[in-house]
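Please read it with the model open beside you.

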Amino acid sequence: MSELENNRPIRVSVVDDDPMICQAMGLILNDYSEGRITVVSTSVDGREAVERAEQEHPDVVLMDIAMPGIDGIETTQRLRALRPAPHVLVLTSLSPADTVERAVEAGAEGFVSKTDAPDEIIRRVIGVCKGAPQFNSASQRQLIGGLSRQRPQSRRDEARALLDTLPAREREAVILAAEGYTNAEIAQRMFISERTAKAHLSSAADKLCMGRVQMARLVERADLPEQR
């Protein structure tokens, strides 16, 4: 969800195989957020995290990547397939090659460093609930670097095929969103109302099981020919 009802606290679940990290994040979010955030659970593995999310419906999950069993990438995919799907912020201290790209494609909407200051962590949790992707400078550099590399033809064709499953107007809206246009600008360019533009994007997101960031990545991967 992008907007919380009645200004209630944001419900957060923390997933990390180190119980000390779970405890530390719980203290930060509960004690420093001035009532804006509440930690509803902590989990030390991916399977437990998904089971808890099905029961507790957190708004945001802070997700460690390196975990035994089901890693953070697969867990993120499973969480984002839930309805309602929580936002996922990757909780990390390192940024190994391809982590950012893989996490985004799985459905993550940003990164939180385990060494970030409390106010920065809180800002990112609140920001992602408002629909703003949360990437620090290191993850942004890695994501941009990944976009600049040549995509294998099979991945490009797969992305194009996915986009082609959408109705023409939804596909057009998704492509415009990926180019950075706001909902109002998309509506203007497509000669429709802003409400209809939002509906097209929401319907496409449901069909593809992706958020706005992931749909933008899909368009990037498709490397569509310019149409003017």
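1. **First strand pair.** Strand β1 (residues 10-15) and β2 run parallel, joined by six bridges. Within this pair, R11 faces T38 of β2. Two strands count as paired if DSSP finds at least two bridges between them. Helices (H or I, at least four residues) and strands (E, at least two) are DSSP runs, numbered from the N terminus.

2. **Basis of the note.** This is a predicted model, in which local features need pLDDT of at least 70 and side-chain atom pairs count only at pLDDT 80 or more, while totals for chains, interfaces and linings use all residues. Residues are numbered from 1 along each chain as its sequence is written, and side-chain values use heavy atoms, with hydrogens and water left out.

3. **The whole chain.** The protein chain holds 11 helices and five strands. Of its 228 residues, 46% are buried. Buried means under 20% relative accessible area, exposed means over 50%, and partly exposed lies in between (1.4 Å probe, protein chains only). The accessible surface is about 11900 Å², and carbon and sulfur atoms own 49% of it. These areas come from the Shrake-Rupley method with a 1.4 Å probe; for residues, only the protein chains shown count as cover. Among contacts with a separation of 6 or more, 68% link residues 24 or more positions apart. Contact means heavy atoms within 4.5 Å.

4. **The sheet.** In what order do the strands of the open sheet lie? The order is β2-β1-β3-β4-β5, five strands with parallel pairing. β2 (37-43) and β5 (111-113) are the edge strands; each has a single partner, so one side of each lacks a neighbour in the sheet. From one strand to the next, the twist averages 25 degrees.

5. **Helices on the sheet.** Helix α3 (residues 72-80) packs on the sheet and touches β3 (60-64) and β4 (87-92). The direction of α3 makes about 160 degrees with that of β3. Helix α5 (residues 118-129) lies across β1, β2, β3, β4 and β5, and runs at about 155 degrees to β4. Axes are lines fitted to C-alpha atoms, for helices over the stretch in contact; angles run from 0 to 180 degrees between N-to-C directions.

6. **Strand β4.** Six of the six residues of β4 are buried, so this strand is largely enclosed by the rest of the structure. In a regular strand, side chains alternate between the two faces of the sheet. In β4, H87, L89 and L91 are buried on one side, and V88, V90 and T92 are buried on the other.

7. **Partners of β4.** Five bridges pair β3 with β4 in the parallel sense. V61 stands opposite V88 in β4. The chain passes from β3 through α3 to β4 in a right-handed β-α-β crossover. Right-handed means that, with the strands pointing away from the viewer, the path from the first strand over the helix to the second runs clockwise. β4 and β5 also run parallel, with three bridges. There, V90 stands opposite F111 in β5.

8. **V112.** This residue sits in strand β5. At 0% relative accessibility, V112 counts as buried. V112 and L62 are 50 residues apart along the chain, yet their C-alpha atoms are separated by 7.8 Å. Beyond neighbours within four places in sequence, V112 contacts L62, L89, V90, L91, T92, I121 and R124.

9. **I126.** Is I126 buried or exposed? At 16% relative accessibility, I126 counts as buried. I126 belongs to helix α5. Leaving out residues up to four places away in sequence, I126 touches I10, R36 and I37.

10. **Two cores.** A nonpolar core is a set of buried Ala, Val, Leu, Ile, Met, Phe, Trp, Tyr and Cys residues joined through side-chain atoms within 4.5 Å. The largest has 22 residues, and L163, V174, I186 and M215 have the most contacts inside it. Two or more residues each come from α7 (153-164), α8 (168-178), α9 (183-190), α10 (194-208) and α11 (212-222). α8 gives the most, with six residues. Apart from this core lies another, of 21 residues, including V50, V61, V90 and F135.

11. **Around α8.** The buried residues of α8 are E170, A173, V174, I175, L176, A177 and A178. G180 follows α8 and has a positive phi, near 100 degrees.
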